[in-house]
Amino acid sequence: MELGPYRIEEELGRGGAGVVLRGRAPDGEAVAVKVLLHPERGQALERFLRELDVHAELAREGGFVPLLDAGESPQGPYLVMPYLPGGTLRARLGAGPWPLYKVWQLGRSLARALGRAHAAGVVHRDLKPENVLFDARGRPLIADLGLAKHLHEAEARRGLGITKTGTIAGTLGYMPPEQMLDAKHVGPQADVFALGALLYECLTGAVAFPGASQLEVVNRMLSGGATPLEDLRPEAPAALRAVVARCLAPEPEDRYPDGGALAAALRRAEEEAQRAARRRGGGAPRLV
């Protein structure tokens with residue numbers, strides 16, 4: 001199958017409005033091609049065009065899957081990104097709790113990327129394990145900007161903020177309580193909550209807000225009902241546990257204000273944990 005100048009090799013994933021395909025560029029480079037399958041659906045097309053706009057804006061920043069190309073085809077409009085062979089965070093979580101040093105690395109990297117997006121006025125709104133991909137060197141990159149919104153009203157008028165007030169947009173268990181009530185008006189603290197949920201899952205091998213039903217998950221989130229990390233991962237430094245707990249606070253004003261502040265908090269927590277480890281046993285510890 002040909003899609004524009006790209007030769008398609010296989011399907012990687014599919015959603016309600018689009019499909020992601022692996023292909024080859026004319027120069028032989030492996031690429032991932034995201035195709036909107038039903039461009040006649042007005043809001044789906046608006047979201048797709050908005051994703052293109054946000055991708056272009058964040059291409060100058062590190063930490064996000066870069067945009068290589070975009071175009072139109074008989075199958076629908078498409079975006080082209082590098083094919084990342086490292087898979088998703090979701091796949092890597094299947095092995096159980098992570099070593100602590102990997103949790104620090106992931107948290108710092110994703111928080112810095114979110115901080116740059118927030119500084120540019122962009123909120124992702126759908127950070128989850130499926131939307132964190134790894135390149136060949138193991139570096140995490142944030143993907144899927146289809147639900148991203150711009151904080152600046154002038155940008156929203158260009159089509160970067162089309163979610164209606166009262167509309168649910170996001171993924172249960174990773175979006176915070178305020179996003180379930182009004183996705184249109186959430187701020188950077190929504191992404192801080194989502195990253196806290198990811199780090200909790202990396203530390204414990206379990207989701208932060210389990211439940212037998214959606215209602216049970218929602219009730220746990222509203223009550224701040226995540227099982228304390230000291231019960232599930234007691235060897236994790238107290239400073240790290242405190243950072244994750246603050247990220248998961250039910251009220252947005254109780255969390256870090258944005259990704260940049262969270263990255264700084266993680267750096268301070270790691271330094272504090274290293275000092276505590278030296279006091280206990282000497283040497284420069286590797287927090288494993």
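1. Basis. Residues are numbered from 1 along each chain as its sequence is written. In this predicted model, local features need pLDDT of at least 70 and side-chain atom pairs pLDDT 80 or more, while totals for chains, interfaces and linings use all residues; side-chain values use heavy atoms, without hydrogens and water.

2. Overall. The protein has ten helices and ten strands (DSSP runs, H or I of at least four residues and E of at least two, numbered from the N terminus). Of its 288 residues, 49% are buried (under 20% relative accessible area, 1.4 Å probe, protein chains only; exposed is over 50%, partly exposed in between).

3. Sheet. An open antiparallel sheet holds six strands in the order β1-β2-β3-β4-β6-β5; strands pair if DSSP finds at least two bridges between them. The edge strands, β1 (2–3) and β5 (69–71), each pair on one side only. Seven antiparallel bridges join β3 (residues 18–24) to β4 (residues 30–36), and Gly18 has Leu36 as its bridge partner in β4.

4. Aromatic pairs. There are two (ring centres of Phe, Tyr or Trp, the latter by its six-membered ring, within 6.5 Å; planes under 30 degrees apart are stacked, over 60 edge-to-face, the rest tilted). Tyr6 and Tyr78 are edge-to-face, because their planes stand at 80 degrees, with centres 6.2 Å apart. This pair links strand β2 to strand β6, 72 residues apart. Phe193 and Phe209 are stacked, at 5.8 Å and 5 degrees, and both are buried.
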